[in-house]
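Open the model in your viewer and keep the sequence beside it. At each stop, select what is named, then read what is there.

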Amino acid sequence: MTLTFHKYQGTGNDFVMLDDRAQQFDTTDYRLVRHLCDRRRGIGADGLILLRNHPSYDFEMVYFNADGYVGSMCGNGGRCTVAFARHLGVMQDRAHFLAADGPHEAHVDADNIVHLRMQDVLGQQEIDEMGVFLDTGSPHLVRFLPASTLAELNVFAEGRLLRNSERFREKGTNVNFVEGPVADDQPWQVRTYERGVEDETLSCGTGVTAVALAASRRGATSPVRLRTPGGDLQVAFQTQPDGSFTQVYLSGPAVRVFGGQIDVPSLT
């Protein structure tokens with residue numbers, strides 16, 4: 001079998017993108033997804049995304065983690081899917097599409113920055129000794145660190161420990177480690193351990209969204225600038241009296257890296 005693919009990245013968070021408007025891809029074939037995401041034997045990516053037709057939306061985004069299984073919402077993946085849909089001519093500058101956590105709106109500005117509206121985050125955040133926990137389409141634990149400690153942190157080891165802790169073992173969680181800005185005009189620094197990838201990624205869209213909302217309790221005001229190892233992102237939002245967040249937008253670049261065809265071996 002030969003597959004035509006495209007490779008996209010959003011601040012270093014990379015994805016194999018497939019035009020599956022004919023709906024020929026077997027979504028239960030986790031071995032194939034895992035193979036395509038393998039950085040040594042396949043194309044290599046943090047995840048795989050299908051772009052599909054939908055009768056009520058411009059398109060549907062179906063996201064798989066690198067482990068081969070369908071995942072929850074992926075913010076950077078959503079922005080890359082919008083850029084991919086634009087590349088295919090499915091949309092022009094605006095889109096209304098369906099993802100794992102429901103409908104999303106997005107637009108692309110003149111500088112090719114993709115602005116993706118995330119779901120509202122309702123109710124108070126859970127706060128305990130482990131950190132701040134909230135769901136931005138995917139579950140995230142946010143841990144604020146002392147100054148000048150993030151760069152040397154073993155994110156893989158610490159993130160894996162928390163992701164597999166008793167509290168999160170059943171469903172897992174993404175873990176974000178955060179260092180506050182040294183000056184008002186500087187971004188918040190973020191590194192993330194992602195479930196499904198089971199490693200640190202260069203960036204996580206739902207993760208920086210969670211960090212921005214959690215940081216608002218520490219004085220951050222919308223829009224919040226955030227810096228990941230893969231690049232800079234921005235999160236804008238409105239805070240409601242009950243502690244909820246609405247009009248949440250994740251903004252940043254989404255870039256087509258290359259495209260091609262790959263021969264897929266039998267993986268039985």
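**Before you start**

This is a predicted model, where local features need pLDDT of at least 70, side-chain atom pairs count only at pLDDT 80 or more, and totals for chains, interfaces and linings use all residues. Residues are numbered from 1 along each chain as its sequence is written, and side-chain values use heavy atoms, with hydrogens and water left out.

**Stop 1: K7**

Select K7. This residue lies in strand β1. Strands (E, at least two residues) and helices (H or I, at least four) are DSSP runs, numbered from the N terminus. Is K7 buried or exposed? K7 counts as buried, because its relative accessibility is 9%. Buried means under 20% relative accessible area, exposed means over 50%, and partly exposed is in between (1.4 Å probe, protein chains only).

Now show the contacts of K7. Contact means heavy atoms within 4.5 Å. Leaving aside neighbours within four places in sequence, K7 touches D14, F15, I43, G44, A45, V255, R256, V257 and F258. Then pick G205.

**Stop 2: helix α1**

Select residues 30–37, helix α1. Its buried residues are L32, V33, H35, L36 and C37. What do they pack against? Colour β1, β2, β3 (47–54), β4 and β17 (255–263) to see the partners.

**Stop 3: helix α3**

Move to residues 155–163, helix α3. V155, G159, L162 and R163 are buried here. Look down the axis of α3: these buried residues fall within an arc of 100 degrees, so they line one face of the helix. The arc is that of the directions from the helix axis to the C-beta atoms. Here is the general rule: an α-helix has 3.6 residues a turn, so residues three or four places apart point the same way. The buried residues of α3 pack against β10 (139–144), β11 (174–179), β12 (188–194) and β13 (199–201).

**Stop 4: rings**

How many aromatic pairs does a search of the whole structure find? The search finds ten. Rings of Phe, Tyr and Trp (its six-membered ring) pair if their centres lie within 6.5 Å; planes under 30 degrees apart count as stacked, over 60 as edge-to-face and the rest as tilted.

Select F59 and F97. Their ring centres are 4.9 Å apart and their planes are at 10 degrees, so the pair is stacked. The pair links distant parts of the chain: F59 is in strand β4 (residues 57–65) and F97 is in strand β5 (residues 94–99), 38 residues apart. Both F59 and F97 are buried.

Next, look for charges over rings. A charge sits over a ring if NZ of Lys or CZ of Arg is within 6 Å of the ring centre and within 35 degrees of the ring normal. R218 lies over the face of F144, at 4.0 Å from the ring centre. The charged end of R167 sits over the ring of F133, 5.6 Å from its centre.

**Stop 5**

Select L3, L18, D20, Q24 and F25. Of the 17 residues that line the largest pocket, these are the closest to its centre. About 300 Å³ of space lies in this pocket. β1 gives the most to the lining, with four residues.

Now select N65, M73, S138, N174 and E194. Of the 14 residues lining the largest cavity, these are the closest to its centre. The cavity holds about 120 Å³ of space. β4 and α4 (205–215) each give two or more residues to its lining.

How are such spaces defined? On a 1 Å grid over the protein atoms alone, a cavity is a set of points where a 1.4 Å probe fits but cannot get out, and a pocket is an open set with protein on both sides within 12 Å along at least five of seven lines; lining residues have an atom within 4 Å of a point. Grid points are joined across faces, edges and corners, and a volume is the space filled by probe spheres set on the points.

**Stop 6: backbone**

Select T11, in the loop between β1 and β2. T11 has a positive phi of about 50 degrees although it is not a glycine. T11 is buried, with a relative accessible area of 4%.

Then select E198, in the loop between β12 and β13. E198 has a positive phi of about 60 degrees, and it is not a glycine. At 23% relative accessibility, E198 counts as partly exposed.

Finish at P223, in the loop between α4 and β14 (224–228). The peptide bond from S222 to P223 is cis, with omega near -5 degrees.
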